[in-house]
Amino acid sequence: MASDASTDKALQVELVAADRLVWSGQATMVIARTTEGDLGILPNHAPLLSSIIEGVVDVQTVDGETWVAAVDAGFLSVADNRVSILSERAEMSHEINLEKARQDLERAQASGENDDAAQEAVRRAEARIRAVERAS
Amino acid sequence: MALSVREYRARIKSTESMKKITRAMELIAASRIIKAQQRAQAAAPYARELTRAVSAVATFSNVDHALTTEPEDPKRAAVLVVTSDRGLAGAYSSSVIKEAERLVEKLRGEGKDVDLYTSGRKGEAYFKFRQREVVQAWTGFSDQPTYDVAAEIGATLIAAFLADTDGDESGSDARPVDEVHVVYTRFRSMLSQEPTAVRLLPLEVVEGTEAPAEGDLLPLYEFEPSPSDVLDSLLPRYVQSRIFFALLQAAASELAARQKAMKSATDNADELIKKYTRIANQARQAGITQEISEIVGGVNALADANAGQD
């Protein structure tokens, strides 16, 4: 998707995990999954604070590239064309070990299904797998 | 005092090998401090953004949250003491424990019972040895804490704080408390680390360091799904990130304290070696002098005997 000329301003995006800054840069669009559903953010979005759930974050950079990252539950804040995505864990798609994610998913599905922790693990593994698949 | 030269040599040797060990530990600590500092720096953006978000919510909504309300009559306090797993770090653990004891005294003076939580083996050992109950102890990570550990500690302490104090211990295994304190060592610089006690819960939301007076800094946020929901998931994370911050600071302080302690141990070993070498030389010279006088004495005795025969 080409960034059209009307977006005079770009989004300043920061994807932050608890122990490191995963990615920061300029972007034209960010898509994240909030508790209410998928949310796309374009430049000049109204200030927003929202909780996000385990899922995939898409970032279209100003160079026309697309970054995909898997995140855990966390937050998204938008203000003044600054988007920060906070999550305890976040991984860029190229950092994810697909094999390991698949194994994690299998293991999580095999263990008690009604467990909250197990379901969280399932969602986390699924998000990682989806992130890799979408990036490729 | 008068040992043989051989014994002094043995002492010099053992001091030298000890010096090698302390020197190695000093170097290891030095290289790890840099990593610990990098970790602390890497965690800073998360804490900064979280603090911004919390102050934004606090400013624009008057939602009261269980984690921010002061209990009317605090009777019980939890104290988390962050110490090291291993020794050989000078006064690091003992000074943080001393600070913790001071806090416990103060809380007791205010008529509150104290529940102890520790992180690091040294703290646990200290309280166990004195037959004082430790509600929960976490060990095995003191020089490189991960966020998972901080999250677990945070979850435990929040559960204890949110548990109903007045209710009897039915069902939940959490021990209810009215406030939560953390005692850790603040990393000021390589040379100075300072044991600090802070109150973690109930939360006092600190406004960001940037002046909150300027209206354009904190925009009017929309909250999704609702301010209270956002606060619900924001505040526990804020607590956890504060604990993570404390653990990271403590790790950097521990390594700095260890480096300093090992450096002075190495210097001390140098001194000892010098001293022993001097004494050994003296003993050697004394031995030589004695041998000479014995030989001279022997020769004289022979000469005397020969002279007597003539």
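How many residues of domain 1 of chain A are in contact with domain 2 of chain A, and how many residues of domain 2 do they meet? Eight residues of domain 1 of chain A are in contact with nine residues of domain 2 of chain A. That is a handy place to start, but keep in mind that this is a predicted model.

Let's stay with chain A for a moment. The domain assignment gives it domain 1 at 11–92 and domain 2 at 97–135. Between the C-alpha centres of domain 1 and domain 2 of chain A there are 21 Å. On the side of domain 1 of chain A that touches domain 2 of chain A, β5 (55–61) and β6 (66–71) of chain A each supply at least two residues. β6(A) gives the most to that side, with three residues. Sort the residues of this side of domain 1 by class and you get four nonpolar, one polar and three charged.

Now look at two helices of chain A, α1 (residues 98–110) and α2 (residues 116–135). Their axes come within 8 Å and cross at roughly 155°. Since angles over 145 degrees count as roughly antiparallel, α1(A) and α2(A) are therefore roughly antiparallel to each other. Their crossing is left-handed. From α1(A), the residues making the contact are L98(A), A101(A), R102(A), D104(A), L105(A), A108(A) and Q109(A). From α2(A) come A118(A), A121(A), V122(A), A125(A), E126(A), R128(A), I129(A) and V132(A). By class, the residues of this contact of α1(A) with α2(A) come out as ten nonpolar, one polar and four charged.

How far can you trust chain A? Its mean pLDDT is 82, and 91% of its residues reach 70 or more. Residues 1–7 of chain A are another matter, as the pLDDT there is below 50. Beyond near neighbours in sequence, this stretch has seven contacts in the model. Where pLDDT is low, the predicted coordinates should not be read in detail.

On to chain B. Here the domain assignment gives domain 1 in two pieces, 5–22 + 264–304, and domain 2 at 24–262. The contact between them takes six residues from domain 1 of chain B and six residues from domain 2 of chain B. On the domain 1 side, α1 and α5 of chain B are the elements that give two or more residues. That side of domain 1 of chain B has two nonpolar, three polar and one charged residues.

Chain B also has a helix pair worth a look: α4 (residues 147–162) and α5 (residues 227–309) pack at an angle of about 125°, with their axes 8 Å apart. That angle makes α4(B) oblique to α5(B). The crossing of α4(B) and α5(B) is right-handed. On the α4(B) side, the contact is made by Y147(B), A150(B), A151(B), I153(B), G154(B) and I158(B). Facing them from α5(B) are P236(B), V239(B), Q240(B), I243(B), F244(B) and L247(B). The residues of this contact of α4(B) with α5(B) divide into ten nonpolar, two polar and no charged.

Finally, see where the chains meet. The contact takes 25 residues from chain B and 23 residues from chain A. On the side of chain B that touches chain A, α1 (5–60), α4, β6 (222–224) and α5 of chain B each supply at least two residues. α1(B) gives the most to that side, with ten residues. In terms of class, the side of chain B that touches chain A has 18 nonpolar, two polar and five charged residues.

Methods: Residues numbered from 1 in each chain as written. Chains lettered and ligands numbered in written order. Predicted model: local features only at pLDDT ≥ 70, side-chain atom pairs only at ≥ 80, totals over all residues. Axes fitted to C-alpha atoms, helices over the stretch in contact; angles between N-to-C directions. Helix = DSSP H or I, 4+ residues; strand = E, 2+ residues; numbered from the N terminus. Parallel < 35°, antiparallel > 145°, perpendicular 65-115°, else oblique. Left-handed = near helix turned anticlockwise from the far one by under 90°. Contact = placed C-beta atoms within 7 Å. Nonpolar A, V, L, I, M, F, W, Y, C, P; charged D, E, K, R; others polar. Domains from an automatic or database assignment. pLDDT = per-residue confidence, 0-100.
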